[in-house]
Every structure is written in C-alpha cells, then in structure tokens.
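Hi everyone, thanks for making time this morning. Let me put the sequence and the model up on the screen, and then I'll talk you through them.

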Amino acid sequence: MRLALLIPTGRRKGQNPSLSSIYRALAEHEKTQAYPEAVETAHADFAALQQRDRSPK
C-alpha cells in the first residue's frame, strides 16, 4: 500500500507538499511534543483574544 501526502486546503489543495514543507511540519510537531504546556497556553491566549474581539465595545 502506498500512502500519498496531500495538502488538504488552500491554494495547493490536492497537491503534494514540498520537501521543505514536510521538514517544517515535522519541526513544528517536535516543538509541540517538547513543550506541551506552551501550546496549551497559546491556545488559551488565542481563545481569550477571540472572545475579547467578539465582545461589544
């Protein structure tokens, strides 16, 4: 069985990612595995910013 990597969304949807894109994704994955608390904090901060932007002024 041969698996293909395809870009799921965006301008290059359905195409294969470049080698540099694969390396970039792997590096980002390693960072999230190394610093899970930083990822959780970033998600919480982002959610708070979205909530603040949605509130009436």
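I'll begin with the overall picture and then go through a few residues.

A word on the source: this is a predicted model, so local features need pLDDT of at least 70 and side-chain atom pairs count only at pLDDT 80 or more, while totals for chains, interfaces and linings use all residues. Residues are numbered from 1 along each chain as its sequence is written, and side-chain values use heavy atoms, with hydrogens and water left out.

Now the overall picture. The protein has two helices and zero strands; these are DSSP runs numbered from the N terminus, H or I of at least four residues for helices and E of at least two for strands. Its C-alpha atoms fill a box of roughly 50 × 30 × 20 Å along the principal axes.

How much of the protein counts as buried? Of the 57 residues, 0% do. Here buried means under 20% relative accessible area, exposed over 50%, and partly exposed in between, with a 1.4 Å probe and protein chains only.

Let's walk along the chain. N16 sits in the segment before α1 and is partly exposed, at 48% relative accessible area. Setting aside neighbours within four places in sequence, N16 is in contact with L5, L6 and I7, contact being heavy atoms within 4.5 Å.

Next comes helix α1, which covers residues 19–34 and includes L26. S21 is also found in α1, and it counts as partly exposed because its relative accessible area is 25%. The side chain of S21 makes a polar contact of 3.1 Å with that of S18. For that term, we need a pair of N or O atoms within 3.5 Å; within protein, one must be able to donate a hydrogen and the other to accept it, and residues adjacent in sequence count only if both atoms are side-chain atoms.

Finally, charges. Side chains of opposite charge can pair when their charged atoms come close. A search of the whole structure finds one salt bridge, meaning a side-chain nitrogen of Lys or Arg within 4 Å of a carboxyl oxygen of Asp or Glu. D53 forms a salt bridge with R52, their closest N and O atoms being 3.6 Å apart, and both D53 and R52 are exposed.
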